[in-house]
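Reader: I am new to this structure. Please show me how to read its features, one at a time.

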Amino acid sequence: FSACVSSSITSNKSDSLKGPFKKIFMVPHTDVIVEPFTGPLIDNIKNDFARRNIDLMTEVMIEKEKGSLSLDPASDNENINTEINKFQPQAVLFMSVTKIETYTGVISGRGSNGATFDLRLFESGDPKTPGWRASYVVYGNSGISMAVKKGTRTLLAKLEDDNIILHRQTT
């Protein structure tokens, strides 16, 4: 018995994108239902970026009300802007949940087995227009750890292919 896990990502990037980037501020905007996936995914990204000597800072925004995908209050946005300005990254990557695949189980209760994310990368010189944008879909009907592993590989490979991060050196 093997779990069905899928992940895909499609992207568009500006011809003027000046990657790869060595200092990135990431803002994952997630929901409490998909946090069991996004938490380990963010940890995997942090670990991978550290191995690549990419300076990464994250400011995770988790919606407290289940199923709520509203924008954060203005005070949260001000806090994020303050942190971004202090960090002075080359790029800022926003990662927002746009769709949640949920299930309801007799034993497990309510949870998520998939999500769609809107990814937008802004270069420090142009905070209004994304230089890169992607739609990232991850689904796993059983085994969150398998979905996280495959989802991480898919995302990192796309970031490499689109010259957001350097290709990882294999030894």
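Reader: Are Phe 117 and Tyr 136 buried or exposed?

Author: Buried means under 20% relative accessible area, exposed means over 50%, and partly exposed lies in between (1.4 Å probe, protein chains only). Phe 117 and Tyr 136 are both buried. Keep in mind that this is a predicted model, where local features need pLDDT of at least 70, side-chain atom pairs count only at pLDDT 80 or more, and totals for chains, interfaces and linings use all residues. Residues are numbered from 1 along each chain as its sequence is written, and side-chain values use heavy atoms, with hydrogens and water left out.

Reader: How many aromatic pairs does the structure hold?

Author: Rings of Phe, Tyr and Trp (its six-membered ring) pair if their centres lie within 6.5 Å; planes under 30 degrees apart count as stacked, over 60 as edge-to-face, and the rest as tilted. The structure holds 4 such pairs. Take Phe 117 and Tyr 136: the ring centres are 5.6 Å apart and the planes sit at 35°, so this pair is tilted. Phe 117 belongs to strand E6 (residues 109-123) and Tyr 136 to strand E7 (residues 132-140), 19 residues apart. Together with Phe 37, they form one aromatic cluster.

Reader: What are the helices and strands here?

Author: They are DSSP runs, numbered from the N terminus: helices (H or I) have at least four residues, strands (E) at least two. The protein chain has 3 helices and 7 strands. Along the sequence, the order is β-β-α-β-β-α-β-β-β-α.

Reader: Why is strand E2 described as largely enclosed?

Author: Count its buried residues. Strand E2 (residues 23-31) has 8 of its 9 residues buried, so the rest of the structure largely encloses it.

Reader: Which strand is joined to E2 by 4 bridges?

Author: Two strands pair if DSSP finds at least two bridges between them. E2 has 4 bridges to strand E3 (residues 55-58), and the two run parallel. Phe 25 has Met 57 in E3 as its bridge partner.

Reader: Where does Pro 28 sit?

Author: Pro 28 is in strand E2. Its relative accessibility is 2%, so Pro 28 counts as buried. Contact means heavy atoms within 4.5 Å. Beyond neighbours within four places in sequence, Pro 28 is in contact with Ile 42, Glu 59, Val 60, Met 61 and Met 95.
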